[in-house]
Amino acid sequence: ITAYEIMPSLVGSEMCIRDSEIPDQKGIRADGGEFYFCAKEKVLFSGLQRNTRLGADNVAEVLNVKEMIILKGDGYHLDTFFTPVLNIDGRITALIVCTSILSNGSKKRLYQFADEKNIPVFVIPTDDAIGTEKRIGNFAANALPLPGVLIRPNHFTDPSIDEKLMDMGINRIITSTSQFQLSGGSVHCMTNEL
């Protein structure tokens with residue numbers, strides 16, 4: 001399993017990529033869709049749906065993170081029900097999450113992090129995430145957060161979230177991934193940094 005470390009270079013906002021190997025050992029599993037790495041603040045959000053804790057710890061070590069937030073939920077990957085939003089400077093400015101999918105402990109940890117950093121949490125329904133057993137979601141949470149931009153496959157069912165993002169200076173780009181969604185993935189799955 002390979003992880004790519006994205007680090008700011010000495011030349012402003014350019015990024016360089018370093019290839020690193022995660023040990024191929026029993027008990028170590030790390031899937032790309034289970035991570036959002038916010039490089040500017042060195043914060044790693046990790047799911048444990050398809051990861052093991054050892055896998056997440058290894059990725060955190062490779063990336064030299066300052067803080068790792070573990071989010072356990074019922075989605076296939078973390079990116080099916082969660083995304084951070086980055087401001088133009090690349091700092092975490094909001095969190096978007098389907099809290100009904102999260103475990104109680106993960107909800108508590110996420111809100112603790114958000115409160116400490118004074119970051120708003122926008123709660124979305126399962127329709128904006130992976131959906132339910134009876135109906136697939138629209139995957140709006142499965143997004144690529146870039147500095148000042150959030151690229152995702154659909155609008156949120158609550159238009160006030162987009163209004164708040166616009167007020168925060170976040171450019172919202174919608175790009176259809178309907179065929180990819182049939183297999184359970186979307187924008188972050190195709191572009192994730194790990």
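My entries on the aromatic pairs follow.

Before starting, I noted that the model is predicted, that local features need pLDDT of at least 70 and side-chain atom pairs pLDDT 80 or more, while totals for chains, interfaces and linings use all residues. Residues are numbered from 1 along each chain as its sequence is written, and side-chain values use heavy atoms, with hydrogens and water left out.

I looked for rings of Phe, Tyr and Trp (its six-membered ring) with centres within 6.5 Å, calling planes under 30 degrees apart stacked, over 60 edge-to-face and the rest tilted, and I found two aromatic pairs.

Phe45 and Phe82 make a tilted pair, with 4.9 Å from centre to centre and 50 degrees between the planes. This pair links distant parts of the chain, 37 residues apart, since Phe45 lies in strand 4 (residues 43-47) and Phe82 in strand 6 (residues 82-86); I took strands as DSSP runs of E with at least two residues, and helices as runs of H or I with at least four, numbered from the N terminus.

Phe45 also pairs with Phe113, edge-to-face, at 5.6 Å centre to centre and 90 degrees between the planes. Here strand 4 is linked to helix 2 (residues 104-117), which holds Phe113, 68 residues from Phe45.

I then checked accessibility, with buried meaning under 20% relative accessible area (1.4 Å probe, protein chains only). Phe45 is buried because its relative accessibility is 0%, Phe82 is buried at 0%, and Phe113 is buried at 1%.

How values were computed. Buried means under 20% relative accessible area, exposed over 50%, partly exposed in between (1.4 Å probe, protein chains only).
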